[in-house]
Amino acid sequence: MNLLERTRSVLTTARQVYQDTTHDTRLSELADRLDEPLRVAIAGRVKAGKSTLLNALVGDRLAPTDAGECTRIITWYQDGHTYQVTAHPTGEAPRQLRFNRDQTAIEVDLAGLSPEKITRLTITWPSQALRTATLIDTPGIGSLSEQVARRAFELLAPEDEETPADAVLYLLRHLHRNDLDFLRAFHDTEVSQPNPVNAIGVLSRADEIGVGRLDSVASARRIAGKMATDPNVRRVVQTVVPVAGLLAETAATLTEAEVAHLRKVAALPVSDAESLLLSADRFAELMPALGLTSIEREALLGRFGLFGIRLVASLVRHGVATTATELAAELTDRSGISELREVLNTLFFQRRDVLKSRSALLALDRLTRTEPRPGSEAVATEVEEIIASAHPFRELRILSAIRAGWVDGKSDVVAELERLIGGGGAATHQRLGLPADADHATLTSAASEALARWQRRAESPLTSHELAVAARVAIRSCEGMLATLRESR
Amino acid sequence: MAMAADKPSADPIAQATAVVDLGLRACQAYGREDLAERLTVARRTLADPSIHIVVVGEFKQGKSSLVNALVGAKACPVDDDVATAVPTYLRHGDKPSAELLFEGDPPQREPIALNEVRRWVVEQDPTGLAAGAGGAAVAVAEQQRRPAGVEVRLPRTLLAGGLVLVDTPGVGGLGSTHSTASLAAASMADALLFVTDASQELTRSELDFLARARQMCPTVVCVQTKTDFYPAWRKVKALNEGHLAAAGVEIPIIAVSSALRSRAVAGNDRGMNEESGFPALVSFITDRVRGGATGRLAAEAAAGVAAVCEQIASQFEAERAALADPAAAARVVEQLSGVKTRVEALKSAAARWSQTLSDGIADLTSDVDHDLRGRIRDVITEADKAIEDVDPADTWPEMQSWLEQVVAAEMLANYTLLRDRATELSEQVGQHFQEASGEVLRQFAVTNPTPLATSIEVDHNIELDKMKVGKQAMVALKAAYGGAIMFVMLGVMTGFTLGPLALGIGVVMGRKGLKDEKKRQIATRQTQAKNAVRRYCDQVSFVMGKDSRDTLRRIQRELRDHYTALADQLNRSNAEALRSASEATNRTQTERDRRLQNLTAELDRLRQLRQRAEAVANR
């Protein structure tokens, strides 16, 4: 019986135990949630670029963005058959709201409801991207409005419920104390110690790192790489990926008209262009001969940012990309969004079952502890048994122990251990550190070698207790890989 | 005395210097070297006023770029990633040079080449990956010898006149220990430039910092940087003005672009300089900050001159009274003898000001100590509660920084108490001294029947001297906390650590045992953690307690010396007057007439000088 099935079965038992109580509906929701797409929350400090990144991931301009603080209500973006916006006011039944989709975002008419009174908005939008994950946009922490900041905390680290999100994309602007505190709050202590399993760090607004120099993104990549090796960061997120959200959002929604406007800038003599692009104010006001109205110029600034305009002008001038399609591809490439998608895929989507079961089991565990009733003890025991014995959870536990620095050993040994138990992705080739196109024989021999190596390590008297325990988990992971490989032959 | 006052100079420092020079010449002419000493100190401060402007802000907001753009040189290293680690002090020098400052009293200095500044100022790569094993060892050795600051001297007109720009590290965020240390530094600075970039509105921690800084520092300005890069900077500025107004914090916002300014300076482009927004910032610094600080300094120096004039004049008045009416001479001598006892009483330990001082310091010492203990006790209670709620192994690294932060905040509050109360006490002591010495001075006045005496506005003088009163305590405090090393407090804090927590974590894999074993281990760790917190707090309060006792003792010594010296001067003035008055009785009528003429002339000069000094002081 695999993990998802075990979780489902314990949920069924629990539903029988809690039949005819107020918790019945919640349990059925939990069961439904197991089959829904993964819920990924996008969190971070105020103005970290959360809504922009959400738009970039969806590939459409849905969430409104602005220079000031903008998102004040937690908003769920989920796939569906129809376009629909639902408000969930605190303590009242959900109700549908009217909305208006203009060029730049979905504009919701709150129909007199005050934002403080709305627990969340659900926007149902038919979209390919939302089919794999429901995205949750959150108000920033460190926001000047107390209510808004508390909202984000409640969503990600509620005191007495399971977290509504299965995983979190955490937007970091450059590492800041608050960021780490917040992430820690999101991590539970039950399934394992603070847990980098369900969080990925995103170094957002990567184009601003060098204040608009053309090598900004390279600089951001270096910084993200360094952050990902920082022990304090490793304890809370799996990895850190740099993303220039604005660039990615614009690339996904680039229009021919915009490209035509930017071609005019690229056609200027180099020194004129440089002088014009020295500052945003200059671009908005100088050189009337350019043939762009101030409204068009401001629109370009809003869409590309000064960095984007400089970049596109340079790309067009050097003939790297000239058409809208080529430019869109080039900008997507440079924005780092593809890398983020890849990381999301390996670290979240491939682990969907584990993350889903984890959310459900955590909720059950809390329910049985806070609301005991005849029969709930058996449910609790079963939950604990799954948490303690299911191999994927053991892997997660060892993974966070390694991340927390509790497993001593030579660094290359620990690195291999981390990889084997799925620290760099759950697929077999990723665990073995082989390229994605490695053939069956190579994979099998690599897995057998790893198995033998870790058996030796587990039995060696020189191995520390912690490493030996971890080694036994690694052995089980290797056996699992070999079994899968045999089946697939 | 050449009267250069006919063409008044706009610069208060120059005016004050001229007045002080005249005062010094007067002291020499009348053989009062004791009074000259006081003016010499004032003269030295005027020559090198050292007006500190501290630049603070969050991590990566462009503080170093701002400082560079202000002085038009790459004095502070700028990088996308690594940040400033030690404060850089930029001051005026005839040619560019740099020195490392190491902690000590006085701070040790070590000259370095300008291109080496970067190596000392930026954070060392903690991983040491880039340097390899050998490089890492060197880095560690250097780490241990980390300077407390770097001083860079540049020949720039902006810095002339004693302006010192301090670029601070922005690490750790505004809620951290570091910002508390910055606040402590700011309380000693003449102005604070708070840097925030135009990418977003002020965050709550920034706003909190600004509100507290406003209370600690006389002049605060919020500088919004990177306006070249963010198209919406005007909107962000407007939002920030709204936030500040809503929080009731009155701080102006100046929007600038360091990139444009640097380019403008390099290309000598006046138009672009206007565009960069820097002219507003520069005029703020030169007019409001330097103008304010130099005005204060000039007023203090001039007040010193006025006080000196008064002492010398009173001596002459007595002599003149004795000369003008030989019959009254005996009475004058008698009275002056009476004054002598009073002045001597002023010097003795039984004098009221002296008692106020020693009692006050004793009270203050115990109050400050009590306050610190109370605060530390609260911190421990809070820490215990926090430890009981969680598994300390989860939160230990955060615990350390949390504790540092909370303790630093409490220390700052404790230090603010010390500062405020010490200033209060010093004012009180000054007042008591003033009352007693004022009586003495009035004694001169009473014996003097001539109309000249009435023109001396005694009341006014008390005002002037009171201004000096508060300053004494600040001088002592600056010696303790301010000056070259502004981050002493941070040094005190980072000396201690909580130490590692023995985790004893087996990665338990059993089924039922998991929870019980966890519980047991957590309990053990909680006890350990609580003990570690107590140890830490003990160490910190020990050092802090000693530090504040020392500071108070220094304040006491400073004030005692100051007023004893004043009493000595009064005594000397009185003795001179007594001598001249006694001599007067023995003179012939011709001698007397000549001397009277001389005295009238001298008194007239003194009166003029005094009026001039008062004019400068009351500007």
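**Labels and the numbers behind them**

Guide: Let's start in a loop: Asn268(B) lies between helix 9 (258–267) and helix 10 (270–276) of chain B. Helices (H or I, at least four residues) and strands (E, at least two) are DSSP runs, numbered from the N terminus. This is a predicted model, in which local features need pLDDT of at least 70, side-chain atom pairs count only at pLDDT 80 or more, and totals for chains, interfaces and linings use all residues. Residues are numbered from 1 along each chain as its sequence is written, chains are lettered from A and ligands numbered from 1 in the order in which they are written, and side-chain values use heavy atoms, with hydrogens and water left out.

Visitor: Why is Asn268(B) called exposed?

Guide: Its relative accessible area is 72%. Buried means under 20%, exposed over 50%, and partly exposed in between (1.4 Å probe, protein chains only), so 72% counts as exposed.

Visitor: What makes the phi of Asn268(B) worth a mention?

Guide: Phi there is positive, about 50°, although Asn268(B) is not a glycine. Most residues other than glycine have a negative phi. Lys226(B), also not a glycine, has a positive phi near 65°. Lys226(B) is found in the loop between strand 8 (220–225) and helix 8 (233–246) of chain B.

Visitor: Is Lys226(B) buried or exposed, and how do you know?

Guide: Lys226(B) has a relative accessible area of 13%, so it is buried.

Visitor: How do you know how many disulfides there are?

Guide: A search of the whole structure finds zero disulfides over all chains. A disulfide is a pair of cysteine sulfur atoms within 2.5 Å. For Cys27(B), the closest cysteine sulfur is in Cys309(B), 8.1 Å away, so the pair is too far for a bond. Cys27(B) is buried, at 1% relative accessible area, and Cys537(B) is buried at 0%.

Visitor: What makes strand 7 of chain B mostly covered?

Guide: Strand 7 covers residues 191–197, and seven of its seven residues are buried. Ala191(B), Leu193(B), Val195(B) and Asp197(B) point one way, whereas Leu192(B), Phe194(B) and Thr196(B) point the other way. In a regular strand the side chains alternate between the two faces of the sheet.

Visitor: What does chain B hold as a whole?

Guide: Chain B has 19 helices and nine strands, and buried residues make up 52% of its 619 residues.

Visitor: Over in chain A, why do some strands count as edges of the sheet?

Guide: The open sheet there has 10 strands in the order 5-4-3-6-2-7-1-8-9-10, with mixed pairing. Strand 5 (106–109) and strand 10 (240–242) each have a single partner strand, so one side of each is left without a neighbour in the sheet. Within the sheet, strand 1 (residues 38–44) and strand 7 (residues 133–137) of chain A run parallel, joined by five bridges, and Arg39(A) stands opposite Thr134(A) in strand 7.

Visitor: Which residues does Val58(A) touch, and what makes that a contact?

Guide: Contact means heavy atoms within 4.5 Å. Not counting residues up to four places away in sequence, Val58(A) touches Ser127(A), Ala129(A), Leu130(A) and Leu135(A). Val58(A) and Ser127(A) are 69 residues apart in sequence, yet 7.5 Å apart in space, C-alpha to C-alpha. Val58(A) belongs to helix 3 (residues 50–58) of chain A and is buried at 12%.

Visitor: And why is His261(A) called buried?

Guide: Its relative accessible area is 18%, so His261(A) is buried. His261(A) sits in helix 10 (residues 256–266) of chain A and, residues up to four places away in sequence not counted, touches Leu292(A), Glu296(A) and Leu300(A).

Technical notes: Pairing = 2+ DSSP bridges.
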